[in-house]
Amino acid sequence: MSDLNLRELHNTEFPIPDELQSNLAITSLSKVYNWSRRSSMWPLLFGLACCAIEMIGTAASRFDFSRFGMEVMRGSPRQSDLMIVSGTVTKKMIVPIVRLYNQMPEPKYVLAMGACASGGGPFKEGYNVVSGVDKYLPVDVYVPGCPPTPQALIHGLIALQKKIDGQSLANMDDVPWYGVGPSEPTPIPILGPDVIDPRQMDIIRRQAELAALGKPYGVRELPAPQMKAVVAAKGAAPAAAAADGGEVDAAKAERLRKREEALARKHAAKGE
Amino acid sequence: MVIAAPQTVDVDVNAVIDKLKEKFPEAVKNDTRQGYKGVIVDKSKLVEVATSIRDEFGFDYLSSATGVDYLGIADEMEMVYHAYRTTGGPALVFKAQTPRDNPEIPSLIDVWPGVDFQEREVWDLYGIRFPGHPNLQRILLWEGFNGHPMRKDWKEAYFEEDHKPFESRWPAGHVHRIEEKNAYGHNVMYPADLDLSRLTDTSEESLYNSLGLGVDVQDLTGEGGIKTDRLVVNLGPHHPSTHGVFRMVVTLDGETIETLDPVMGYLHRNHEKIGERNSFLQNMPFTDRLDYISSMSNNLGYALAVEQLLALGARYQPPTYRAEVIRVLMAELTRIVNHLWSLGFLLNDLGAFFTPMLYANNEREKILDFFEATAGSRLMCNYMRFGGVFKDIPERIHSVVNMVNDKVRDYNTMDYLTEMINERLPRFMDEYERLLVNNEILKTRTVGVGVLPADRAIAYSTCGPLLRGSGVAYDIRRSDPYSIYPELDFDIPVGQNGDIYDRFMVRVYEIRESLRILKQILPRLERTKGEEVVSKFNYLGRVPIGESYGRVENPKGELGYYVVSAGDEKGPQNPWRYHIRAPSFINLTALGPMSKGYKVADVVTILGSIDIVLGETDR
């Protein structure tokens, strides 16, 4: 790699003699790690709808995102770092999408390409349309447009690279995968009478209880004051809040325990 | 390769209807509703009448079959069929009606096997049962979905109002986000009897059950007592060769295909339901997103369908000559764009990984530059309007003609087009053909593979290059002409063997024929310079009551729009029914039968040779 510029990586806190400037860099691990990772982002070869055509256009010779280290589009999620959600996410398709996301090894990123993937777009009101992939997956970069032009997609990819540059190995809360222990997989939605997000079971149960009491079920049209009550209930209803909070705490405690165990193992290994 | 030039045949549909009424005096009567065509057939005699229409009257090609829900108008559901002769001519429209509670209409699958998926779609979306259909399963949604969403009384989770513009989007209205009005903050709703204790996903299980899989090993004892079992392989929905989110469930004996069942609906984004909420004009940008590679010709089909309805009214102004010229220019450029893309991807499927596609894409990009300069968008052009096109082609355009030095230059549009049509594209096609047409690997992989005989092609209602590759010279531009095609000189390429190679060659020749048309368009463009291209008048008007079926020869085949305007005496602003007869969807009916007996690697190529696009398949 003749165009490798070590000065980019160099941490200026430590002086390097002039004659070694192009041979040596003293830098932080995060910086090297991020730099190598963002320069070899492998997207998942995964087209959903119209935006996929522009994604292929971006990969083709005119726009050519291999200039950013992204030309290796992998058919298998096991080999990819980035999921470009290129098109409308339907309820039927969200199941495979979540499964694919869970199969991707960490660190992994999601780029919502276009209006549909970002928020439902022109098809938002459709009965089979998920209004934005962020209802299920954590999205790192949103690219607006319907479809976004190749230039816009490349801009989004550069934004993602900047985001990666800012991540830190030292800060375990920064991104989930720098913590100790495995991350939780995203629960896979269930195709019942409508798509069911397992994380929404609480609210679905509450609605079912309301229905049992003869109150309107799955309320669509709410008068304004009642609406407020529901919004408040989401966060502050005592029973529900306790249940929600309890789960979160349990997960946190579990993570802490795993982390302490791992640290103990590490110390034990050192001691020997 | 045969080049055919079928002439337009005049068929007197009214005479046919009279004879049909003579033959079935009790079962067949005229559709006398205002603005409607064809006949209404008593559903108990439907199969008999349909057989007669096919065999005696020669309407051997069933183009479209779809349902309509007339809740509030007649309280009936209706199936509408459009049958054509493969020798050309207009449609014979026949309908069958059924009460809304317990709707049931006999299946026509024995008469036209091509209704297979269409009837399943109607069952899925309208809940009309088709006794006689061997596999009446949901096709676009999943088994277990709550209700039949295209019924007029079925409201989606994000339902606001029946017609756009919604109050929430109107400047004077109360602005809100629809998520706030949904208890889940999601686009979901559940029936009151949702059983929380049994929430398991059964859609896959019922899918496999419906395919008759899970056969006992003992049943498959082969000759010589060797026990064999069938292997089920899922290709898709995430698979690079399925050109999107299409899924094939393939049963294999060794490596040979025994059955192939297409599973679709992974991109079902409810065009038709949203289309009924939209106003007529608001649907135009949605048509772009059907076959998202050829948005211009999608626009044209929809414009034709609505223009048929507008022409029923008194105040309609038909497109000017220049508008027609520009429409044909755009439609033919779109055909080239699409065929370049599909040829590239067919070779991709054959293993020529991305090289031919990248070459073809370079040429495609230059046409997209012209689209962008004209319509403002590369892919989703939203360019046609009722009675013309959105605006005239620009004086000058910016484009990168030479990809090597990568400089954007400023060109005179006519010079740009002339150079592209007369020199660059023919030169590119010469090179492309030299490299590929006699390529040994290509021929070995494609000649004699995926054969579809002509009679089966017609029976399965296939269209476009798939139908013509099988030797049927059916091209709507000639057989049921629209726009200014009658005055243009071009031929219809037709295959002889109906294999993948023939379909490949049909596409190659069609690019040549499109270039021939475009060469005739250029002087017409020069001649009509300065003419109006659209009358703004058609934008705002209400659409007269009636039904229409506008169809165009899209690059992928026959794209039809069945539009019903009803429900408002003054003339509705929103379509009552907006159905898309999608070529990719119906062409897939032939995929299973075509793939039987071939290897897995061939299936990928056979699918590539059909040239599907999922936006249109699933709608």
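**View 1. The interface of chain A and chain B.** In this predicted model, the contact draws 62 residues from chain A and 76 residues from chain B. About 6,200 Å² is buried between the two chains, with 61% of that area on carbon and sulfur atoms. The rule finds 26 residue pairs in polar contact across the interface, both residues being at pLDDT 80 or more. On the side of chain A that touches chain B, the elements giving two or more residues are helix H2 (50–59), helix H3 (91–103), strand E4 (190–191), strand E5 (195–196), helix H6 (201–212) and helix H7 (224–236) of chain A. Of these, H6(A) gives the most, with six residues. The residues on this side of chain A comprise 35 nonpolar, 14 polar and 13 charged.

**View 2. A salt bridge between the chains.** Four salt bridges are counted between chain A and chain B. One of them joins the side chains of A:Glu54 and B:Arg378, with a distance of 2.9 Å from N to O.

View 3. A:Phe123 and B:Phe286 are both buried. In chain B, the pair of B:Tyr561 and B:Tyr578 is stacked, because the ring centres are 6.2 Å apart and the planes stand at 25 degrees. B:Tyr561 belongs to strand E16 (residues 557–565) and B:Tyr578 to strand E17 (residues 577–581) of chain B, so the pair ties together parts that are 17 residues apart in sequence. Both B:Tyr561 and B:Tyr578 are buried. A cluster linked by ring pairs contains A:Tyr127, B:Trp142, B:Phe145 and B:Trp154.

**View 4. A salt-bridge network in chain B.** The structure holds 52 salt bridges over all chains, and those that share partners join B:Glu332, B:Arg335, B:Arg468, B:Asp475, B:Arg477, B:Glu510 and B:Glu553 into one network. In the salt bridge of B:Glu332 with B:Arg335, the closest N and O atoms are 3.1 Å apart; both residues lie in helix H8 (residues 321–350) of chain B, three residues apart, about one turn of the helix. B:Glu332 is buried, with a relative accessible area of 0%, and B:Arg335 is buried as well, at 1%. B:Arg468 forms a salt bridge with B:Glu510, with the closest N and O atoms 2.6 Å apart. Because B:Arg468 lies in helix H13 (residues 465–469) and B:Glu510 in helix H15 (residues 500–527) of chain B, this pair ties together parts that are 42 residues apart in sequence. B:Arg468 and B:Glu510 are both buried.

**View 5. The surroundings of B:Ser241.** B:Ser241 sits in the loop between strand E7 (231–235) and strand E8 (247–253) of chain B, and this residue is buried, with a relative accessible area of 8%. Apart from its neighbours within four places in sequence, B:Ser241 is in contact with B:Asp349, B:Val604 and B:Leu607.

Note on methods: Residues numbered from 1 in each chain as written. Chains lettered and ligands numbered in written order. Predicted model: local features only at pLDDT ≥ 70, side-chain atom pairs only at ≥ 80, totals over all residues. Heavy atoms only, no water. Contact = heavy atoms within 4.5 Å. Buried area = accessible area lost by both parts, 1.4 Å probe. Polar contact = N/O pair within 3.5 Å; in protein donor to acceptor, adjacent residues only side chain to side chain. Helix = DSSP H or I, 4+ residues; strand = E, 2+ residues; numbered from the N terminus. Nonpolar A, V, L, I, M, F, W, Y, C, P; charged D, E, K, R; others polar. Buried < 20%, exposed > 50% of the residue type's maximum accessible area, 1.4 Å probe, protein only. Phe/Tyr/Trp six-rings, centres within 6.5 Å; stacked < 30°, edge-to-face > 60°.
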